[in-house]
Amino acid sequence: MMNSEALFQRAREVIPGGVNSPVRAFQSVGGHPRFIQKAKGARIWDVEGNCYLDFVGSWGPMLLGHGDDRILQAVTEAAAGGLSFGAPTEREVLVAELMTRMVSDLEMVRMVNSGTEAVMSAIRLARGYTGRDKVIKFAGCYHGHSDGMLVKAGSGVMTAGVPDSLGVPAKVAGDTLTAIYNDLNSVEALLQGNKDQVAAVIVEPVAANMGVVPPAPGFLQGLRQLCDQHGALLIFDEVITGFRLARGGAQEYFGVRADLCTYGKIIGGGMPVGAYGGRKEIMNWISPAGQVYQAGTLSGNPVAMAAGLCQLSILAEDDSVYEKTARLGQQFTQGMNDLIQRHHAPLSVTGVGSLACLFFTPGPVTNYEEAKKSDTAAFARYFNGMLNRGFYFAPSQFEAIFLSAAHTEEDIQAVLEAADQLFTEIF
Ligand code: KE4
């Protein structure tokens with residue numbers, strides 16, 4: 001098998017930028033992406049056979065770790081019965097029933113094939129339900145690549161330094177209003193200035209696409225109140241936080257109810273699955289029950305549903321996953337804080353549960369503008385130093401560290417020791 005560099009050369013001839021998703025391309029950290037051959041537990045192996053402790057976890061789906069034998073068996077058994085029928089199956093019902101049992105207030109869900117589709121559909125539903133056109137999002141939050149969401153977006157858009165994408169018509173972008181994360185006044189000003197025109201406020205309950213930026217105390221509760229006052233729906237984009245922060249996601253973790261939630265990643269167990277859901281009186285506006293259209297050839301795909309059903313069934317029963325990953329998150333953030341102090345390093349660390357981020361700015365980082373102060377060149381040196389030591393982090397400052405139940409305290413200790421060495425070199 002060719003090595004990563006040669007494969008990347010070949011890939012760039014036939015795939016834009018050599019990757020099927022921009023942030024994978026290592027553009028902001030230099031060098032070439034590692035082409036991965038296999039993964040198991042908390043580890044991945046590249047095509048040269050190098051082993052890495054993985055802190056990306058496929059950007060969130062791998063809460064149980066890679067290649068969980070129970071999920072592999074579920075997928076294998078499902079595949080033996082055929083890959084796709086384009087007709088309803090029992091498994092889709094089982095997944096929807098399980099999700100609505102795990103998340104209180106979630107009464108009905110529709111399966112789609114990605115987080116982007118889930119968000120795009122939830123926004124169309126909010127517009128159809130309210131009869132309003134405008135949507136408020138937050139600078140630095142990323143909600144997938146549907147046109148209206150590529151306005152001051154985070155993740156790969158932020159990494160590329162292109163806050164808005166070409167190809168999005170001004171009249172479409174014009175219906176997307178941008179507020180400041182953790183700033184309720186900026187939301188209220190937009191709602192007041194667009195009276196009775198805002199269909200929804202969409203928020204990452206923990207922003208994890210500008211690095212990890214936790215909601216300030218009262219921020220999410222404040223959004224709930226503002227949406228109630230102005231007749232807008234509150235959409236929690238839980239593509240990352242859903243079933244990760246808690247069984248009931250961010251709604252349970254923070255005790256704030258959203259009107260609609262979007263999901264992805266974990267609910268597919270590594271297979272392409274997204275979903276959106278909420279109260280029946282809203283969801284029944286979705287075709288064919290209602291007049292808001294949305295469809296998909298592979299939605300509820302039986303093999304993907306088997307993977308999602310298996311992972312969610314494990315999470316529904318096993319409290320230790322949440323206890324352990326939260327404890328590992330604490331160990332990481334506490335250990336990093338100690339190192340930052342000891343090295344007098346101009347860094348700050350954030351974390352919520354099994355999500356964390358090391359910002360290359362002294363912080364505090366509470367929003368997009370503050371996150372953008374990060375020294376991305378220093379981050380690149382850290383990233384490559386870690387990669388060369390066998391630790392695989394997201395190749396961008398503006399992403400998250402994803403911990404899994406397959407990581408151990410020894411793994412976290414090893415990362416902290418490597419960071420200690422690197423900080424000595426860098427600072
Ligand atoms: P997908 O269409 O990539 O499945 O989901 C889009 C999406 C929606 N909402 C949130 C909060 C998300 O984080 C995402 C996707 N997350 C990125 C990681 N920052 C996916 C990685 C990538 O784009 O390659």
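Good morning. A polar side-chain atom of Thr 116 lies 2.7 Å from an oxygen atom of the ligand. That value, like the others I shall present, is computed from a predicted model.

Thr 116 belongs to a shell of 17 residues around the ligand, and those that come nearest are Ser 21, Thr 116, Asn 209, Asp 237 and Glu 399. For Ser 21, a polar side-chain atom is placed 2.6 Å from a ligand oxygen atom.

What is the make-up of the shell by class? It has eight polar, five nonpolar and four charged residues.

Let me turn to the location of the site. Why does the ligand lie between domain 1 and domain 2? Domain 1, comprising 4-67 and 319-426, and domain 2, spanning 69-317, both contribute residues to the shell, so the ligand lies between them.

The structure contains three cavities of 30 Å³ or more. The largest cavity has a volume of about 110 Å³. Its lining is made up of 13 residues, of which Leu 358, Phe 379, Phe 393, Ser 396 and Ile 401 are nearest the centre of the cavity. Thank you.

Notes
Residues are numbered from 1 along each chain as its sequence is written. This is a predicted model: local features need pLDDT of at least 70, side-chain atom pairs count only at pLDDT 80 or more; totals for chains, interfaces and linings use all residues. Side-chain values use heavy atoms; hydrogens and water are left out. A residue is near a molecule or strand if one of its heavy atoms lies within 4 Å of it. A polar contact is a pair of N or O atoms within 3.5 Å; within protein, one must be able to donate a hydrogen and the other to accept it, and residues adjacent in sequence count only if both atoms are side-chain atoms. Ala, Val, Leu, Ile, Met, Phe, Trp, Tyr, Cys and Pro count as nonpolar, Asp, Glu, Lys and Arg as charged, and the others, Gly among them, as polar. Domain bounds come from an automatic or database domain assignment. On a 1 Å grid over the protein atoms alone, a cavity is a set of points where a 1.4 Å probe fits but cannot get out, and a pocket is an open set with protein on both sides within 12 Å along at least five of seven lines; lining residues have an atom within 4 Å of a point. Grid points are joined across faces, edges and corners, and a volume is the space filled by probe spheres set on the points.
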